[in-house]
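Let's take a walk through this protein model together. Have the sequence and the 3D view ready.

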Amino acid sequence: MGGQMSTRRCRMENSDWMSALSPQLWDVPLHHLSIPGSHDTMTYCLNKKSPISQAQPQLLRLLSKAAPCITLPVVLKWSITQGLDVTEQLDAGVRYLDLRIAHMLQGSEKNLHFVHMLYTTALVEDTLTEISEWLEKHPQEVVILACRNFEGMTEDLHEYLVTCIKNIFGDMLCPRGEVPTLRQLWSHGQQVLLSYEDERSVGRHLELWPGIPYWWGDKVKTEALICYLESMKSCGRPGGLFVAGINLTENLPYILAHPSGSLKKMTLPSLPRLGTWVREQCPGPGPRCTNIIAGDFIGADGFVSDVIRLNEKLLWC
């Protein structure tokens with residue numbers, strides 16, 4: 001019980017970390033700050049009732065129909081990347097949320113879900129409302145929402161989703177343009193930068209920002225992932241916001257070869273080495289500087305605090 005209370009207390013210490021930054025950092029653009037993020041944010045709400053995504057390989061969908069009692073529990077274990085719900089992640093200090101959105105083929109006309117191999121039971125509109133309510137309680141915190149994937153989405157569904165986004169966040173949305181500073185956002189009461197990976201929708205709505213580049217290593221081994229991230233850094237950072245993903249990734253052959261494993265079992269032993277890499281990074285405008293760093297199971301170690309503390313290096317420059 002004591003350990004749980006201590007973990008909860010540590011999470012809450014980061015609930016208002018942006019407003020607690022040194023005033024010297026209030027005029028630094030967001031893409032030069034160090035910002036913690038969660039990869040596949042919404043997978044904590046996957047469960048045994050979650051259907052397999054239509055975008056998955058046909059072999060997996062056939063196996064799920066032929067032997068659902070065997071296949072679905074295995075896929076579920078390899079689909080969950082987070083243990084904290086979205087409010088707990090925000091309380092922990094996460095400020096980049098990776099939202100993979102889908103419309104289920106057999107779903108209702110307007111209900112949109114999240115997806116990672118399986119569809120969540122959580123609805124997108126409810127989750128966006130939860131995020132908005134959290135922001136109202138933390139008026140100087142800013143979140144970057146990355147709406148991605150869009151499996152099964154028609155143009156009408158995109159328009160429906162964008163209308164929901166505008167209705168829920170309203171004046172909290174920061175229109176696209178130059179990447180703002182915290183002081184600029186606070187002066188306008190803006191708390192949400194919304195990245196939307198559909199070019200047509202972005203072209204129609206000034207409230208949407210283009211998709212944020214995500215360095216995805218697609219690696220099972222920790223050292224291979226770190227080598228990939230270092231190679232990306234050597235090529236130079238993107239001009240705006242971007243994400244370095246420290247998440248390990250499985251594929252279908254790996255899952256089938258490790259039916260008793262899980263993404264959590266694969267990830268947790270790698271966290272100390274990945275944590276060392278995180279603490280070595282520097283935010284800022286330099287070509288090898290990092291910006292958003294996103295991980296899996298963000299409450300399992302000191303990842304979020306490590307990413308936030310990198311901002312102190314900007315004070316030494």
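**Two helices side by side**

Helices α9 and α12 are roughly parallel to each other, a label used for angles under 35 degrees. Keep in mind that this is a predicted model, where local features need pLDDT of at least 70, side-chain atom pairs count only at pLDDT 80 or more, and totals for chains, interfaces and linings use all residues. Residues are numbered from 1 along each chain as its sequence is written, and side-chain values use heavy atoms, with hydrogens and water left out.

How do you describe a pair like this? Two packed helices are described by the angle between their axes and the distance between the axes. Here, α9 (residues 222–234) and α12 (residues 271–279) pack at about 15°, and their axes are 10 Å apart. The crossing of α9 past α12 is right-handed, meaning the near helix is turned clockwise from the far one by less than a right angle. On the α9 side, Thr222, Glu223, Leu225, Ile226, Leu229, Glu230 and Lys233 meet Arg273, Leu274 and Trp277 of α12; contact means heavy atoms within 4.5 Å. Sorted by type, the residues of this contact are five nonpolar, one polar and four charged.

Now for the core. The largest nonpolar core has 93 residues, and Leu30 is among those that touch the most other members. Such a core is a set of buried Ala, Val, Leu, Ile, Met, Phe, Trp, Tyr and Cys residues joined through side-chain atoms within 4.5 Å. Beyond its neighbours within four places in sequence, Leu30 is in contact with residues including Val142, Leu193 and Asn291.

Finally, find Met117, in the loop between β3 (113–116) and β4 (118–123). Is Met117 buried or exposed? With 10% relative accessibility, Met117 counts as buried, since the cut-off is under 20% relative accessible area (1.4 Å probe, protein chains only).

Notes: Buried means under 20% relative accessible area, exposed over 50%, partly exposed in between (1.4 Å probe, protein chains only). Axes are lines fitted to C-alpha atoms, for helices over the stretch in contact, and angles run from 0 to 180 degrees between N-to-C directions. Helices (H or I, at least four residues) and strands (E, at least two) are DSSP runs, numbered from the N terminus. Angles under 35 degrees count as roughly parallel, over 145 as roughly antiparallel, 65 to 115 as roughly perpendicular and the rest as oblique. Ala, Val, Leu, Ile, Met, Phe, Trp, Tyr, Cys and Pro count as nonpolar, Asp, Glu, Lys and Arg as charged, and the others, Gly among them, as polar.
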